[in-house]
Amino acid sequence: LNSCDSKEIAKEIVDLGSAAMAIGSTAPISNRAARAAAVAFYERLLAGLSIARACASAKSMLEALTRSTATMELFPA
């Protein structure tokens, strides 16, 4: 979910069986940080990395851009 404070929503979506997995952020983030993390995630997926590794890369990007005030979490089913 490309939205601020979306961790609980992402978890709920997976818990309800509405999605096989979801990624949510833990705090308010700027559009710039959200976009950079999304681009990093999808570029790594297109390069053949696993979802978990692509998410880890995007997480690092987000944490760097927010000075670790926000992070993201992957919720697999």
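1. **Before you start.** This is a predicted model, in which local features need pLDDT of at least 70 and side-chain atom pairs count only at pLDDT 80 or more, while totals for chains, interfaces and linings use all residues. Residues are numbered from 1 along each chain as its sequence is written, and side-chain values use heavy atoms, leaving out hydrogens and water.

2. **The largest pocket.** Rolling a probe the size of a water molecule over the atoms shows where empty space is left. A pocket here is an open set of points on a 1 Å grid over the protein atoms alone, where a 1.4 Å probe fits, with protein on both sides within 12 Å along at least five of seven lines. The largest one has a volume of about 320 Å³ (the space filled by probe spheres set on the points, which are joined across faces, edges and corners).

3. **What lines the pocket.** Its lining has 19 residues, and Leu1, Asn2, Ile23, Ala38 and Met72 lie nearest the centre (a lining residue has an atom within 4 Å of a point). Two or more residues each come from β1 (21-25), α2 (31-46), α3 (51-65) and β2 (72-76); helices (H or I, at least four residues) and strands (E, at least two) are DSSP runs, numbered from the N terminus. The largest share, 6 residues, belongs to α2. By class, 15 lining residues are nonpolar, 4 are polar and none is charged (Ala, Val, Leu, Ile, Met, Phe, Trp, Tyr, Cys and Pro count as nonpolar, Asp, Glu, Lys and Arg as charged, the others as polar).

4. Which residues of α3 are buried? They are Ala54, Cys55, Ala58 and Leu62 (buried means under 20% relative accessible area, exposed over 50%, partly exposed in between, with a 1.4 Å probe and protein chains only). Seen down the helix axis, these residues fall within an arc of 95 degrees, so they line one face of α3 (the arc uses directions from the axis to the C-beta atoms). They pack against β1, α2 and β2, with contact meaning heavy atoms within 4.5 Å. On the other side, Arg53 and Ala64 are exposed.

5. **Positive phi angles.** Most residues other than glycine have a negative phi. Asp5, however, has a positive phi of about 45 degrees; Asp5 sits in the segment before α1 (7-15) and is partly exposed, at 43%. Ser68 has a positive phi of about 65 degrees, lies in the loop between α3 and β2, and is exposed at 58% relative accessibility.
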